[in-house]
Structures are given as structure tokens and as C-alpha cells.
Amino acid sequence: AKVKEVQFIGSSIRPKDCPKDERPEFAMLGRSNVGKSSLINSLVRKKEVALTSKKPGKTQLINHFLVNRSWYLVDLPGYGFANAPESARMDWSSFTKGYFLNRESLVSILLLVDASVPPQKIDLDCANWIGRNNLPMTIVFTKCDKMKNKKGNRPDENIKSFQELIKESYKIYPPWIMTSSVTGLGRDELLLHMSQLRNY
Ligand code: GDP
């Protein structure tokens, strides 16, 4: 499960503008600041790649990256911007919903959840919506290196309570993985996991 080559294919404004392609894809979704860009950079080990999506004006777009000419990593707009009006905060549901429900080549949603904070309502809403719609998801817990540093910070408990709070929405419990872009924890496992899902 090595990343040999990454090409930025393009940004789409609407789900229907996405590349017409049957190659399998994985979509990354999460609260803004969850560590999505850092994780993409860590996965592809090419800084310039994810930075593309951080350029002003590109953050509200669906960005397609083609890996090894065989599968897509899709960077979706972050949700839950602090201080944003309710309409912008709930953006993921109107904007991304259509993509999730209609993208045939979508293998799985990678939902990024910050393990260094207790479960947040907006992440739970998102995970529950995905579960209720029977969409395949892997929970990618980010910033797991933070568990050792801060006193009183209990990421193991954060992860456990997150899982407890969403399980009613799932017929089969979704796979989950602990990662850190600082230490590289979970990087190889996540790549292997995606390769297993592609070949399934
Ligand atoms: P994005 O908005 O989801 O793309 O988040 P970024 O990748 O820009 O990261 C947001 C902030 O979290 C930055 O200050 C990062 O340095 C920090 N961060 C991201 N990943 C990690 C991680 O694995 N561990 C720690 N400790 N900090 C992280």
C-alpha cells in the first residue's frame, strides 16, 4: 500500500462536476481544524498536494487527488467553522450529502474526528447521519499523540464515548483507526485499510 504518485485532478463546485471516472475513491470529511490537511500530507508525503486545498477559495470545493493512477483521495470542505453562521456550519449536509448519496465510485467515507477533545455534537450528527443512510465509513481519530501530553486529557475515553454515542445508528459497527500526523501513528494502517477495501 505504497503511495508512489499523486496527481491533483481538479476542484469541483458541485457534486455533479466531479470527475467522471469509475476508479475507487475515499472521501475525507471533518470539522475544520481537525487535522485533515496534515493527514493528507502525511499520507502522500508531498506537502504541495494538500496545500492546494488550503488556498483561499479552494476550501469549499471538492478536491480530487489521484493516487498511483488507480484510486482517488477526495478532500471535502471542512464543516463547523467557529463563529460561522448556522447555515455555514450545517453546510456539510446540504453540499456534501448529494455527493455521498450519488457518488457510485465512493468506497468509503473517512470521517476525521479529533481524539483530543470530548465528542462534539456536530461530529456526532455527521456520524449518525452517515450511519442512518447506510453509507460505508471509517472513523479516523486524529491528534492521538496529544493524549500523552496534556494532564486531564483523556483521548481513550473520548474515543470510547464517541463510539458509544453513535452505535445506535449502525447495523455493523464501522472500522476505526487512531492516527497522528505528528508521530505518523496509523499512517501505514490507514493506507493498508484503504487498499483492503479497494480489493474487497
Ligand atoms: P484542517 O483544517 O483539518 O486541514 O487542519 P490542519 O491540518 O490545518 O491542522 C489544524 C491544526 O492542528 C494545526 O495547528 C496542526 O498543526 C494541528 N494538527 C494537525 N494534526 C495534528 C496531529 O496529529 N497532532 C497534533 N498534536 N496536532 C495536529
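In the predicted model, the ligand is surrounded by 16 residues, of which Gly-35, Lys-36, Ser-37, Ser-38 and Ser-181 are the closest (a residue counts as near when its C-beta atom, placed from the backbone, lies within 6 Å). Helix H1 (residues 36-44) makes the largest contribution to this shell, with three residues; helices (H or I, at least four residues) and strands (E, at least two) are DSSP runs, numbered from the N terminus. Residues are numbered from 1 along each chain as its sequence is written. Because the model is predicted, local features need pLDDT of at least 70 and side-chain atom pairs count only at pLDDT 80 or more, whereas totals for chains, interfaces and linings use all residues.

The protein chain contains eight helices and seven strands, and 36% of its 200 residues are buried (20 or more other C-beta atoms within 10 Å of a residue's own; exposed denotes 12 or fewer, and partly exposed the range in between, with C-beta atoms placed from the backbone). The largest nonpolar core comprises 39 residues, with Met-28, Leu-111 and Leu-112 having the most contacts inside it, and strand E5 (residues 106-114) supplies the largest share, five residues. Such a core is a set of buried Ala, Val, Leu, Ile, Met, Phe, Trp, Tyr and Cys residues joined through C-beta atoms within 7 Å.

In helix H5 (residues 121-132), Asp-123, Cys-126, Ala-127 and Ile-130 are buried. Viewed down the axis of H5, these residues fall within an arc of 95 degrees and so line one face of the helix, the arc being that of the directions from the helix axis to the C-beta atoms. Lys-121 and Arg-132, on the other side of H5, are exposed.
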